[in-house]
Every structure is written in structure tokens, then in C-alpha cells.
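Dear colleague,

Please find below the structure I am handing over to you. My notes follow it.

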Amino acid sequence: VSTETNPPYESSILEQQIVVGFSQLGSESDWRKANTESIRDAAKEAGIQLMFENAEQSQEKQFEAIRGFIKQRVDVIAVSPVIESGWEPILHEARMAGIPVILSDRAVEVNDASLYITTIGSDFYEEGEKAGKYLLDKLSGEPGPIGIVELQGTEGSSPTIERGKGFRDIIKQRGDLIIRRAEPADFTIEQGRETMTSFLEEMGSDIKVLFAHNDDMALGAIEAIEAYGLVPGKDIVIISVDGTRKAFEMMVAGKINCIVECNPLLGPILMQAVKEVMDGRSLPKRIVPQESVYTEGVAEKEVLNRPY
Ligand code: AHR
């Protein structure tokens with residue numbers, strides 16, 4: 001990823017296998033499952049030993065996993081942080097132990113950015129902006145006020161915070177696009193369905209747009225919209241984030257209008273970064289994978305290409 005050099009970390013990679021301790025935040029969505037698989041496969045492919053811990057959405061469990069990795073003297077710690085805040089003390093513990101930390105997927109909010117090497121993952125703010133731009137385009141010429149509901153992901157997580165900000169910063173160009181309700185639904189299909197049901201009970205057909213922060217919540221919401229007797233993708237414009245095959249199938253069926261891609265296949269980039277860190281190279285502070293936006297017109301062609 002980079003060519004500059006730094007003193008290498010202390011592990012004789014010439015003779016020993018590199019050991020990475022990875023704290024995954026959970027298994028809440030199809031995106032997450034694809035992300036875990038990508039990291040496991042890439043480690044195998046790179047000949048890196050992976051110690052894997054699933055924190056099931058608990059930051060406390062992530063701290064425990066990281067302490068376990070420190071005890072076992074892994075070479076590199078990788079972590080997908082469930083929420084953004086509260087990471088400074090544990091990152092200090094890793095630094096005191098001399099173990100470099102790479103953030104994967106989600107970001108953290110810390111005063112001292114030297115506590116981690118790099119963040120490998122999507123630009124969530126840009127994803128929110130892309131969703132907002134699609135909406136402005138889709139609704140151009142349609143008179144307001146237009147009621148929007150937002151299914152947010154996990155409260156306090158970087159994708160929830162940043163997607164929300166990016167979306168708002170764009171749609172404010174039109175004062176008659178009104179976010180009527182925004183609620184966290186934890187990136188799961190079940191909570192997407194439940195929260196959308198309660199939005200519909202409250203506002204019914206006043207809801208014209210749904211911005212779902214991920215595909216799983218959008219899929220749950222589609223079930224709720226159909227159960228309520230409205231037509232997803234027609235009565236309610238639906239914009240989602242991720243790009244899973246199931247969501248593309250819904251777009252083919254006309255039930256999702258736009259998908260902003262968020263790439264979960266971070267394993268190869270992560271393993272490459274681990275090798276470079278062990279070689280003493282410095283990395284850019286942010287590594288963002290390539291991503292697109294897909295709309296109804298391309299769904300049929302693209303659905304066949306979805307790898308997850
Ligand atoms: O952090 C990435 C987000 O987490 C994905 O958009 C979502 O599906 C996942 O659970």
C-alpha cells in the first residue's frame with residue numbers, strides 16, 4: 001500500500017508466521033458475514049494466523065478480546081469497533097504492549113490518532129451524500145413537502161453518524177424534504193421491520209421516502225410496508241446501503257430504488273496492511289475501497305455479479 005520505511009515491529013517474520021488477533025464486532029447483517037469471510041479467507045491465503053473473536057455487538061467484549069490478544073502476544077491487532085467512542089484506554093494498553101492496531105471497517109473518535117496505524121474501510125459520510133444526491137435527482141420536479149423516514153444503524157457507530165450527516169448535508173438543499181422520523185434499528189432485518197412498522201402506524205402514507213442505513217433493515221422494512229398495504233419502491237422510494245445480492249434481487253423486483261455500495265471485502269487489503277506494518281512501512285491513515293451507486297436501471301445486469 002505504501003513504499004516508505006519505518007523500523008520494523010519486533011517479530012521475526014522470516015522464521016515465524018505472523019499472528020493477527022481480530023476483534024469482529026458481531027454478525028448482525030449479510031454485509032458483516034461477507035466481511036468476516038473475506039478476512040478469514042485472506043488470512044489463509046496470505047499464510048497469516050488469524051485469532052478471531054466475535055463481540056456480538058458488545059464494546060466490553062471487544063476490550064476483553066483485545067486484552068486476550070495482548071496476553072497472547074499477537075503481532076498485530078485488528079478491530080472493527082462497534083461504536084465510535086471510548087477506545088482511548090484500550091488502545092493505550094495495546095501501545096504499552098508494543099502491539100500495532102489496525103482499524104477495519106468502522107472508525108473511532110480519539111484525541112491521539114497515533115494510537116492506531118490506519119483505518120481500512122468505507123467513507124460513510126460520502127455514502128450518505130450519495131444517498132442524498134440520488135434522492136434530490138429522483139424527486140426533482142416533485143412538489144414538497146415530502147416526508148422521509150430514516151432507519152439508522154447501531155447508535156453511536158461511525159456508519160450511523162456519518163451516513164446521517166452526509167445525507168442531511170445534501171438534502172438540506174431542498175427545504176421541503178422533511179425527515180419526519182429517524183430511529184436506530186441496529187442494522188438488523190428484525191429491527192428494520194419493527195421500526196418501520198411503528199413509523200407506518202404513526203404516519204402511514206405520509207411517508208414518501210425511506211433511507212435505510214443498510215440492506216438488512218431495508219429488507220425488513222419492505223416486509224412491513226407490504227404488510228401495511230403500500231407498494232415499496234413506488235408508494236415509498238427506498239434507498240439502501242451495502243449492495244448484498246438479496247437487496248439487488250429486491251431492486252430487480254422494483255422494491256428498492258437505489259443502493260449505495262459499501263464494500264465488505266476488506267480481507268485482502270487488511271492482510272496486505274499487516275504485512276507492510278510488520279515490514280516497517282508506514283501506511284496512509286485512511287484506506288478506502290472502491291465503491292459505486294446502483295439504481296433500478298442496472299439491477300438486472302448487476303445482480304448476477306454480486307459476490308455476497
Ligand atoms: O460498518 C458497516 C455496516 O455494518 C454495514 O453497512 C452494515 O450492513 C453492517 O452491519
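The notes below go from the overall fold to the sheet, the ligand shell and some individual residues.

This is a predicted model, in which local features need pLDDT of at least 70, side-chain atom pairs count only at pLDDT 80 or more, and totals for chains, interfaces and linings use all residues. Residues are numbered from 1 along each chain as its sequence is written.

Overall fold

The protein chain contains ten helices and twelve strands; helices (H or I, at least four residues) and strands (E, at least two) are DSSP runs, numbered from the N terminus. Its radius of gyration is 21 Å, close to the 19 Å of the globule rule for 308 residues, so the chain is as compact as a globular protein of that length. That radius is taken over C-alpha atoms, and the rule is 2.2 Å times the number of residues to the power 0.38. The C-alpha trace spans about 65 × 40 × 30 Å along its principal axes. Of the 308 residues, 49% are buried, a residue being buried if 20 or more other C-beta atoms, placed from the backbone, lie within 10 Å of its own.

An unreviewed UniProt entry lists residues 21-281 as "domain: Periplasmic binding protein"; UniProt positions are given in the numbering used here, feature names are shortened, and annotations may be inferred rather than shown by experiment. The span is 45% helix and 20% strand, and its end C-alpha atoms lie 20 Å apart.

The sheet

An open, parallel sheet is formed by six strands in the order β2-β1-β3-β4-β5-β11. The edges are β2 (49-54) and β11 (286-287); each has a single partner strand, so one side of each is left without a neighbour in the sheet. Two strands pair if DSSP finds at least two bridges between them.

Strand β3 (residues 76-79) is joined to β1 (residues 19-24) by four bridges, and serine 23 stands opposite valine 79. With β4 (residues 101-104), strand β3 pairs over three bridges; there, isoleucine 77 has valine 101 as its bridge partner. In a regular strand the side chains alternate between the two faces of the sheet. In β3, Val76 and Ala78 point one way and Ile77 and Val79 the other, and all are buried.

The ligand shell

Which residues surround the ligand? They are Glu28, Ser29, Trp31, Arg32, Asp105, Arg106, Pro159, Phe187, Asn214, Val241, Asp242 and Cys262, where a residue counts as near if its C-beta atom, placed from the backbone, lies within 6 Å. Helix α1 (30-46) and strand β9 (237-242) are the elements that give two or more residues to this shell.

Two members of the shell have a positive phi without being glycine. Aspartate 105 has a phi near 75° and is found in the loop between β4 and β5 (119-120); it is buried, with 27 other C-beta atoms within 10 Å. Aspartate 242, in strand β9, has a phi of about 135° and is buried, with 30 other C-beta atoms within 10 Å.

Other residues

A cis peptide bond, with omega about -5°, joins glycine 144 and proline 145. Proline 145 lies in the loop between α4 (124-138) and β6 (146-152).

Glycine 192 lies in helix α6 (residues 189-203) and is buried, with 29 other C-beta atoms within 10 Å. Glycine 192 and alanine 224 are 32 residues apart in sequence and 8.6 Å apart in space, C-alpha to C-alpha.

With kind regards

Note on methods. Buried ≥ 20, exposed ≤ 12 C-beta atoms within 10 Å, placed from the backbone.
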